[in-house]
Amino acid sequence: MLTKTQWQVCLQTFEEMFPDAHCELIHKNPFELLIATLLSAQCTDVLVNRVTADLFQKYKGPEDYVLVSIEELQQDIRSIGLWRNKSKNIKALSELLIEEYGGEVPPSRDVMMTLPGVGRKTANVVVSNAFGVPALAVDTHVERVAKRLGMNRWKDRPIDVEEKIMRWTPMEKWTQTHHQVIFFGRYHCKAQNPNCPECPLLYLCREGQKRMKDK
Ligand code: SF4
């Protein structure tokens, strides 16, 4: 397994490789980020941005999603996976935001997680990027990178990965580390064909060494 000292080397490497890592979901306010993050489940940020370019022109806030028919909203997000469930959740959470929170997104992860369709990962993304609350969202990239490096075991749950990374990373770096690990997973340690031969972490990565030996 990776040691805490080795993880510090990884953090340094992520920083050097992706100093400008950032949230790639285009948004202008917490509500738009919440909608974009919810839409991004099992979907690429590129596709979400393509859809939200029109969506956010048409729907300015929760009131607009409440007023539109479910059929029309489904039509507007139909190119995105899981559009049926996502439309239902967007309408339901918009209603709840208006009824309970004055139409604003609550700046608390725990409260946000009570909204329809909002899980821990989505809430972590929104509190950290929209409200500056230190949080570390574990998506498919973060989970894959942590497990390949031997930070976590393959059978660990996303919450185990989140807790381990938070334990070994200074709190003020949680949000930036989240973005940097995502970039590392998205552009370098890809799900298919990770770039192990040119990886600066190969010497401490159990998965990379195994892949190089199997070649
Ligand atoms: S050596 Fe390969 S598997 Fe390991 S972190 Fe680098 S790219 Fe990913």
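**Note on the pocket, cavity and core**

1. The largest pocket has 31 lining residues, with Ser 40, Cys 43, Asp 45, Lys 121 and Asp 139 nearest its centre. The model is predicted: local features need pLDDT of at least 70, side-chain atom pairs count only at pLDDT 80 or more, and totals for chains, interfaces and linings use all residues. Residues are numbered from 1 along each chain as its sequence is written, and side-chain values use heavy atoms, without hydrogens or water.

2. On terms: the search uses a 1 Å grid over the protein atoms alone. A cavity is a set of points where a 1.4 Å probe fits but cannot get out; a pocket is an open set with protein on both sides within 12 Å along at least five of seven lines; lining residues have an atom within 4 Å of a point.

3. The largest pocket has a volume of about 620 Å³ (space filled by probe spheres set on the points, which are joined across faces, edges and corners). Helices H2 (30-39), H6 (83-101), H8 (120-131), H9 (140-149) and H11 (174-187) each give two or more residues to its lining. H11 gives the most, five. Helices here are DSSP runs (H or I, at least four residues), numbered from the N terminus.

4. By class, the pocket lining has ten nonpolar, 14 polar and seven charged residues. Ala, Val, Leu, Ile, Met, Phe, Trp, Tyr, Cys and Pro count as nonpolar, Asp, Glu, Lys and Arg as charged, and the others, Gly among them, as polar.

5. The whole structure holds one cavity of 30 Å³ or more. The largest cavity has a volume of about 120 Å³. It is lined by 14 residues; Phe 184, Cys 189, Cys 196, Cys 199 and Cys 205 are closest to its centre. H9 and H12 (206-214) each supply at least two lining residues.

6. Where does the ligand sit? It sits in the largest cavity (more than half of its atoms lie within 2 Å of the grid points). Residues around the ligand (a heavy atom within 4 Å) include Arg 148, His 188, Cys 189, Cys 196, Cys 199 and Cys 205. The shell has eight nonpolar, three polar and one charged residues.

7. The largest nonpolar core has 34 residues; Leu 34, Leu 55, Tyr 65 and Met 112 have the most contacts inside it. Such a core joins buried Ala, Val, Leu, Ile, Met, Phe, Trp, Tyr and Cys residues through side-chain atoms within 4.5 Å; buried means under 20% relative accessible area (1.4 Å probe, protein chains only). H2 supplies the largest share, seven residues.

How values were computed:
Buried means under 20% relative accessible area, exposed over 50%, partly exposed in between (1.4 Å probe, protein chains only).
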